[in-house]
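Visitor: I would like a close look at a single part. Please keep it brisk and give the cut-offs.

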Amino acid sequence: MMSTVISEMNRIELVNLERLAYILKGLSLAEFETLELLLDEGAFGSINQSLRELEAGEGIPIDEW
């Protein structure tokens with residue numbers, strides 16, 4: 001039983017929560033908001049779609065909104 005738990009732990013990447021908290025506290029507001037967008041799958045998908053459309057020349061000019 002214990003060896004199974006240990007072998008499972010070897011396959012999981014552990015995160016140092018204290019280090020993560022330190023990093024998150026050091027983010028500027030803009031960096032934190034960017035992180036929120038990257039973690040939000042819906043927002044991230046919309047941004048990626050917009051970038052693909054822009055690269056393909058399919059965007060709508062602002063003056064036509």
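Visitor: In which helix does Phe32 lie?

Guide: Phe32 lies in helix H3. This is a predicted model, where local features need pLDDT of at least 70 and side-chain atom pairs count only at pLDDT 80 or more, while totals for chains, interfaces and linings use all residues. Numbering starts from 1 along each chain as its sequence is written, and side-chain values use heavy atoms, with hydrogens and water left out.

Helix H3 spans residues 29-39. Helices are DSSP runs (H or I, at least four residues; strands are E, at least two), numbered from the N terminus. The protein chain has four helices and zero strands. Confidence is highest in H3, at a mean of 91, and lowest in helix H1 (residues 2-11), at 64. The score is pLDDT, the predictor's confidence in each residue, from 0 to 100. Where pLDDT is low, the predicted coordinates should not be read in detail.

Phe32 counts as partly exposed because its relative accessibility is 35%. Buried means under 20% relative accessible area, exposed over 50%, partly exposed in between (1.4 Å probe, protein chains only). Patch residues have over 30% relative accessible area and no salt bridge; like charges are joined within 9 Å, nonpolar side chains (Val, Leu, Ile, Met, Phe, Trp, Tyr) within 5 Å. Areas come from the Shrake-Rupley method with a 1.4 Å probe; for residues, only the protein chains shown count as cover. A salt bridge puts a side-chain nitrogen of Lys or Arg within 4 Å of a carboxyl oxygen of Asp or Glu. Helix H2 (residues 17-25) gives the most to this patch, with three residues.

Now Glu36. It also lies in H3. At 45% relative accessibility, Glu36 is partly exposed. Glu36 gathers with Glu33, Asp40 and Glu41 in a surface patch of negative charge. Asp and Glu count as negative, Lys and Arg as positive; His and the chain ends are not counted. Each charge is placed at NZ of Lys, CZ of Arg, CG of Asp or CD of Glu.
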